Amino acid sequence: MKIVGDSEHFKQPFDHDEDYVSRADIKREIAVYQELGIKLVALSKSQIKKLDLDELLFDNVMKTKTIKINTEAYRRQLQFIGKLMRNVDIEALQLDIKNVLNQNSNESAKQNVAEKLKEQLLNEGDSAVQALIEKHPQLERQKLRQLIRQSKKELAKKPDEASKSSIELVKYLRSEISE
């Protein structure tokens with residue numbers, strides 16, 4: 001009696017091939033490339049410039065930004081970016097994107113720290129200047145006092161508007177203090 005489903009009749013070429021990659025695996029890998037491409041397109045132009053992309057990929061990412069979203073052309077362009085990204089080291093690019101995004105949050109944190117220091121300097125005066133200079137000796141006492149004095153004068157005249165000296169004080173604090 002012959003058993004239907006004999007294993008000899010149903011052998012596939014991939015049963016003994018360890019290097020075989022199924023179509024589903026290939027499609028999953030392509031989806032990863034396209035997702036990363038979508039993240040690239042979502043970045044701003046300055047953020048993209050900070051990444052180390054080859055010229056062809058950079059040009060196509062920038063071209064994608066000009067295409068209307070939710071169109072067939074946009075979808076095809078994203079697929080093309082996914083194809084171009086097969087030649088790129090994915091792990092390194094993901095790390096670079098993460099660093100670029102983290103840099104922006106660091107910049108906003110620095111801005112917040114500088115704004116708080118400015119408010120503290122304007123409210124407390126010389127004692128705050130002394131404490132800040134003890135903490136950060138690279139700061140110039142004379143320049144700080146001058147900017148504080150000018151900021152107070154400008155704020156006394158026009159309390160509703162941001163004064164030029166206040167903005168200068170924040171810029172000076174951001175550039176000199178690296179925490």
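1. Basis. In this predicted model, local features need pLDDT of at least 70 and side-chain atom pairs count only at pLDDT 80 or more, while totals for chains, interfaces and linings use all residues. Residues are numbered from 1 along each chain as its sequence is written, and side-chain values use heavy atoms, with hydrogens and water left out.

2. Fold. The chain has 8 helices and 0 strands; helices are DSSP runs of H or I with at least four residues, strands are runs of E with at least two, and numbering starts at the N terminus. Of its 179 residues, 28% are buried (under 20% relative accessible area; exposed is over 50%, partly exposed in between, with a 1.4 Å probe and protein chains only).

3. Positive patch. Arg-149, Lys-153, Lys-157 and Lys-158 form a surface patch of positive charge. Patch members have over 30% relative accessible area and no salt bridge, with like charges joined within 9 Å and nonpolar side chains (Val, Leu, Ile, Met, Phe, Trp, Tyr) within 5 Å. A salt bridge is a side-chain nitrogen of Lys or Arg within 4 Å of a carboxyl oxygen of Asp or Glu. Lys-157 lies in helix 7 (residues 141-157) and is exposed, at 72% relative accessible area.

4. Negative patch. Asp-52, Asp-54, Glu-55 and Asp-59 make up a negative surface patch. Asp-54 sits in the loop between helix 2 (45-50) and helix 3 (55-66) and is partly exposed, at 44%.

5. Buried contact. Asn-60, in helix 3, is buried because its relative accessibility is 7%. Its side chain makes a polar contact of 3.1 Å with that of Gln-77 (a pair of N or O atoms within 3.5 Å; within protein, one must be able to donate a hydrogen and the other to accept it, and residues adjacent in sequence count only if both atoms are side-chain atoms).

Definitions and conventions. Accessible areas come from the Shrake-Rupley method with a 1.4 Å probe; for residues, only the protein chains shown count as cover. Lys and Arg count as positive and Asp and Glu as negative; His and the chain ends are not counted. The place of a charge is taken as NZ of Lys, CZ of Arg, CG of Asp or CD of Glu.
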